[in-house]
Amino acid sequence: MPKPDFGFSFAPNRALELSVPLLPEVQAVLEAEPSIRACMACGQCAAVCTAGVFTPLAFYRLVLQLWAGEVEVVGQRAQHCMLCGKCQMTCPRGVNIRNALLLMAALLPPKP
Amino acid sequence: MTPLLWKDYQKEVPDNHYFFVRSCIRQTFFPGAEAALLDILRNSLGLDIFEDRRHTTCTGIAYHCDLVPLETIMTVIARQLSLMTEAGYRHLLVSCVTSFGIYLEMLDMWQHHPEMLEQTREALWKSTRRTFELPTALVHTSDLIYHLRKPIADRSPHRLVDKSTQRALRVVDHVGCHYAKIFPAGGFGGAEFPSVLSGLAETFGGEMVDYPERRHCCGFGFRHYMLQENRGYSVSNSRIKFESMEAFAPDLILTNCPGCNMFLDRWQYTLAEMSGKTYDGEGKGIPVLSHEELAALMLGRDPWTLGLQMHQVQLEPLLDKIGIAYQARQKYSMVEGVAGVPREPGVLKVSFE
Amino acid sequence: MRSSEYINKDEVAIIGGGPAGMQTALVLSARGFSVRIYEQKEQLGGHLKGWHHLFPHGVAASDLLGALKEQVLARAIPLHLGQTVDHLQKVGEGWELWQGETVVGRAGVVVLANGFALFDARRKEEYGYGLYPSVLTSADLEAVFRKERPWPFGPDCAAPQIGFVHCVGSRDLKCGSPHCSKLCCVTAVKQAMAVKAFFPEAQVYCFYMDLRMHGLEYEELYRKAQVDYGVRFIRGRLSEAAPGQGKRLHVKAEDTLQGRPLHLQLDMLVLMSGMVPTFVLEQQERAVFFKEPVFGSGFVPVQGFLAAGSVVQQKGLFASGACKGPATLPEVFADAAAVACEVEQYLKSLKAVAHA
Amino acid sequence: MASLLSQLKDDIRFSEGLSACMNCGICTAVCPAAAYFDYDPRRICQLVQTGEEQELEKLLKGEEIWMCGQCLSCKARCPRGNVPGYLIQSLRKLSQQSGLFIHSSEGRKQIRLKRRIGHSILETGYCVHPLMVEPETHPEQGPVWIWALEQGADLYRRCGSNYYGEGEGGLRKMAPGVLNELEAIFEETGGLRFWEAIERGAEELKLNQES
């Protein structure tokens, strides 16, 4: 019996599943730079971000995506950072954003 | 405090004298269910249920596909009410859950915007020379079956119990979204803990099983199901429900909405063929019944006159558990002699030796 | 008609023996007025009796309550414990306090200090409070801290998943409570930290819409909860709780900052029940009845707009503390003192009129 | 031409659907469309709330408004009494009336839907009936459905249905007078004018493709 061609297919639930434990590489980033936890997603970092004007870089979003375990996206977007440091000057919670972004960028293996 | 607790959502259901309106989907896929409902109400319980052959679709499916303006559906509804008024009835009995939601919505609009009621009266008069009164009771057929569950159970030879082990059958329910999510006070138990099906299953001796996605939509999606390429929406949402109920090993899925009943049946077949997965652990799928089908079976009606052979997930394993006798050879026989049998699906098991 | 001589105009009756009632009584007593407290429960203390420790410094609730009670005792303020008052009758310039058909007290001035009621979380039906044993209110959790009830999960659960839901019965037109109860945010943060102290391996989530950390040091608690306690803050209102696998709950919300729906399995869900009125005033020409609140009832209405304690339309009737609207303990104490001063002014003005 | 916002405001579905959104996400959490598509009803409420004409036009030309499945699970939960599902109805209506629907592939599907379900109403008196559910376009209905259609009247009559017959009962053939009344209602209440707007969009699309 050949499989019927339905003309559509099913997709998994898009909802984030929070119950899964944090990925070890996410855990490692959070341990190496604990100040990331202080982010309250106010968006001041993204407002002043030099690279964010041209690229999808917005630090507070990377933090949210890091918690969600989207390591690859975080790693890719962190590559856009120019390390100008304006975000760190403006962060009201004193997050060490430059170090955080370096750790995030290192989530991707270096290009050969 | 004002009582707003789910257990306090009890609605008034008149005992008798109803004007009945049919469901497009129910009569298309489950013709035996509507016939059985009328048979039970009229012949087993002796009620006065009137149907006017001039009533039409409420246009609800088209309305939720955004093809029918509000003014139009309102006037179509007014025309149905005009037939009800003309026949001397004030209690409306609705077979379809989409329709039920539409009637609730229109009555609510007319109550809060009396000028719209006047506009509707005018539009109906201009287009058809008809007038109408509002119903004093708006009742879904599952409301009425729930209301009459004790007299029905008293007349029933069967119970939702495994005959060989005396174990109560595990029932999961799926209440159509438009039954009480739009107007919680319109349904037994409200939007969050509707009791219209669970109360029915428990009266027949079944064990209700609450499951995480109990209140999730079956995924009809109106336009999404009506368009072949969009049906991924529908099947994926039903799949969310199946995945969620699987761990609770239900014997039966009970529904009150004709669309949900069809989808929860057909998507089990579709998912089995697409992914090889069934949710009963045996490859047969979880049987799906609507409130009328359940009541008719419990009362001892013949499964094949009830049209259960039109389900894709087969009911025989459930009938055997309950101990309902059936003529296997009658299943596919027709008024005009024996017909062919449906082809067997690739994955979903439909014959059991 | 009874004469006004029948009532001692200088006597103040305080209805409610919680923090607001006690503090109002203490200030008035210290300023030489004769006061009495009418409390419907057998003990003083109100909601404070059920609390374990207090934000922001973690002071034991029993210490504060003990200190208050000691002062009330030291001042020998007459207490009418277990005494309900259901309406007031105006007699001359003063009041009779009634319970049913009986007069239970008389006073020149009455101060309402009936406090607030906790929102009945069963009315937020989709959270299943009263239906699922692992759904608690913030008050229930304090009882757990006080060892008056068990944790809803077993000792085998060393790393429980725990969720706190802000704004339950607050900022919710569906529940008839449009207001912000304002201290649930900081209570949730306090309780989340306390839970982490009990179970260091626990994963704790707070579901919030806005974190209204208005008090001094509250914001710092929020930061500590994030950094030192690893509490995760999810911006999104919980949409439903349902039974999940085993004894767990299955909850749904949206992470609105990510724009993605999310699911979570929890061992305990704590609902931050808001503050709602305990009664609604039915004001007649010479009587005030305390009626059961109905859907959408407001707090006690007072005149003016600056911490006023004088009840609208009623001479000689004042209101103190959280019966006027959500308030923290420090705010209640400050308000009680202010109301006491207003009462003093009022009594002095009566005397001045009498002399003239 | 009135602004899109003012046209929306004239629609009762708009005013009942959105008064003030507090951005809590309670709707998205239970939305079946959000579980399947990259779709967020909260974001749509926020966007419409800005009232910016350009944003509205983008929305009406876009795919997003067509993703809602109209289950109205959102209505039961919103703490502000909003109904994103109603808001969607008003946006879709305006998208079709204004002709903007032809700019999105999901919007263009309204033409097919109108010709299928809309016409069925006036031709048969039903939104859906068995012969519309052709096995070729409905493989999910399974082999049992192919069999059921093959049996046709035989099977349906056994189950108590009238199956396109004259007279009473389920699936009965509607008398011409009944269908005339339905058409008169559609004419009087703007149903037919609404369909003309959809067909005007179809025409424009055809012209665009030709040129």
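Which residue just after H14(B) takes a positive phi? In this predicted model, that residue is Gly300(B), with a phi of about 90 degrees.

Let's stay with that helix for a moment. H14 of chain B runs over residues 291-298, and it is mostly covered, with 8 of its 8 residues buried. The buried set starts with His291(B), Glu292(B) and Glu293(B), goes on through Leu294(B), Ala295(B) and Ala296(B), and ends with Leu297(B) and Met298(B). As for what does the covering, the elements include helices H2, H7 (141-147), H8 (149-154) and H10 (198-203) of chain B, along with strands E7 (252-255) and E8 (288-290) of chain B.

In chain B, the contact draws on 26 residues of domain 1 and 29 residues of domain 2. On the domain 1 side, the elements of chain B that give two or more residues are helices H1 (24-29), H2 (31-44), H3 (60-64) and H5 (97-112). That side of domain 1 of chain B is made up of 15 nonpolar, 8 polar and 3 charged residues. Helix H2 of chain B turns up here and also in the cover over H14(B).

Over in chain C, 9 residues of domain 1 touch 17 residues of domain 2. The domain 1 side of that contact in chain C has 5 nonpolar and 4 polar residues, and no charged ones.

Key. Residues numbered from 1 in each chain as written. Chains lettered and ligands numbered in written order. Predicted model: local features only at pLDDT ≥ 70, side-chain atom pairs only at ≥ 80, totals over all residues. Contact = placed C-beta atoms within 7 Å. Nonpolar A, V, L, I, M, F, W, Y, C, P; charged D, E, K, R; others polar. Helix = DSSP H or I, 4+ residues; strand = E, 2+ residues; numbered from the N terminus. Buried ≥ 20, exposed ≤ 12 C-beta atoms within 10 Å, placed from the backbone.
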